[in-house]
Amino acid sequence: MELTDMQDWGMPVNDIFLSAGPCSVESEEQLLETVRGLADCGVSFIRAGIWKPRTHPGSFEGVGIKGLKWLARAREEVHLPVGTEVANPEHVEACMKYDMDVLWIGARTTANPFAVQALADALKGADIPVFVKNPISPDIELWIGAVERLYNAGLRKIGVIHRGFSTSRKVLYRNAPNWKIPIELKRRIPGIPMLCDPSHICGKAELIFSIAQEALDLLYDGLMIEVHINPPKALSDSGQQLTPEEFRSLINRLTIKSETGDSNEYRTRIKELRMEVDNIDEHLIALLGKRMEIAGKMGDLKRRNNISTYQPQRWKEIIAGRIASGSEHDLSEEFVFQLFQVIHEEAIRHQEEDKKE
Ligand code: PEP
Ligand code: MN
């Protein structure tokens, strides 16, 4: 894919590309007060939702089209580009009428190829930058497919936003970061600008800094962060929004990283440490191979005795035991759980293979 560099999108880009603004536009005053607080924070564009996809009916569903006028006024006031989420062709048409500077497709919409194609058709030939948020489920193909639909419609200013993935397991975050998916997306579409949205990943204001820093450590191009003039009173996502002052202080605390460095001390030491890691990985692979060999023998034994491959009680004990051991080595419960799920799946494959003792 030949995409336009973010620097040529016609928006101010400082050290990183920053989008900030309220989850939802609630009133003209709330929007203007918020953007005034953001005027000198190095923001590339003001974000604000005017059509809000809510899980349950009856929640605040956004102010609708009148919010576009207020966004246009906010742009005049602080001289910053403005953008909002679009979910259908009527939204696109209204945004074009009010000359929005940038759009994004929300997580719920990315999950639906019909909706994405309708948006791509409505955007055909437009020069506006469009970001695609990851779908709610951890499905990289749906995410890439949405980017391809926009690309095929002639758009070249396309970026992606990683906002985390919904999970049935209770975890620290509202939406699990699942970093391996955005990392894989960047490998599949190397030049694509990628923002992290730590607000929707975290769900809680106090967790945002560490996820934002982690994204910069992973070489993301920028961040989208929800900022509200009075977060406790916000009509949507109140727990995760920062005040403009909190946003400013968070941005100032972040450290921007680069992929390479030329200090000798760094180069020598990183080489040594990488050799240690390579060594450990070789051992891990050899041990896993051995473990699977034993699984194969167990499979054979179970088969001869008409015993099921899957042993629910044993699996329960393994999970609990490994999570406990993991915690003694500073390994998170989620990591150990996922690791052993993968190991267990591979062990079942080996048990099902017809091996003889
Ligand atoms: C939002 O940006 O406010 C929003 C609704 O996000 P998402 O689509 O990531 O849930
Ligand atoms: Mn939100």
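Author: A helix here is a DSSP run of H or I with at least four residues, a strand is a run of E with at least two, and both are numbered from the N terminus. This is a predicted model, in which local features need pLDDT of at least 70 and side-chain atom pairs count only at pLDDT 80 or more, while totals for chains, interfaces and linings use all residues. Residues are numbered from 1 along each chain as its sequence is written, chains are lettered from A and ligands numbered from 1 in the order in which they are written, and side-chain values use heavy atoms, without hydrogens and water.

Reader: How many helices and strands are there in the protein?

Author: The protein has 13 helices and eight strands. Its C-alpha trace spans about 75 × 55 × 40 Å along the principal axes.

Reader: What happens to the backbone just after α9?

Author: L219 has a positive phi of about 65 degrees there. Within α9 itself (residues 208-217), the buried residues are I208, I211, A212, Q213, A215 and L216. They pack against β7 (194-196), α8 (198-202), β8 (222-226) and α10 (244-253).

Reader: Why is S24 called buried?

Author: Buried means under 20% relative accessible area, exposed means over 50%, and partly exposed lies in between (1.4 Å probe, protein chains only). S24 has a relative accessible area of 0%, so the residue counts as buried. It belongs to the loop between β1 (17-21) and α1 (28-38). Apart from residues up to four places away in sequence, S24 touches Q30, G49, K52, F60 and S236, where contact means heavy atoms within 4.5 Å. Across the 357 residues of the protein, buried ones make up 45%.

Reader: What makes D330 exposed?

Author: D330 has 74% relative accessibility, and therefore counts as exposed. Its place is the loop between α12 (312-328) and α13 (333-352). D330 is not a glycine, yet its phi is positive, near 60 degrees.

Reader: How do you know that N178 is partly exposed?

Author: The relative accessibility of N178 is 22%, so the label is partly exposed. N178 sits in the loop between β6 (158-162) and α7 (180-188). This residue, too, is not a glycine and has a positive phi, of about 50 degrees.

Reader: Why is R169 called partly exposed, and which residues does it contact?

Author: R169 stands at 26% relative accessibility, and therefore counts as partly exposed. R169 is also in the loop between β6 and α7. With neighbours within four places in sequence left aside, its contacts are E333, E334 and F337. R169 and E334 are 165 residues apart along the chain, and their C-alpha atoms are separated by 9.0 Å.

Reader: What makes a set of residues a nonpolar core, and which members of the largest one touch the most others?

Author: The members must be buried Ala, Val, Leu, Ile, Met, Phe, Trp, Tyr or Cys, joined through side-chain atoms within 4.5 Å. The largest such core holds 72 residues, of which V132, L150, L223 and F247 touch the most other members. Helix α6 (residues 140-152) supplies the largest share of this core, seven residues. Beyond its neighbours within four places in sequence, L223 is in contact with residues including I16, F17, L18, L195, C196 and L254.

Reader: What share of the contacts in the protein joins residues 24 or more positions apart?

Author: Such pairs account for 73% of the contacts with a separation of 6 or more.
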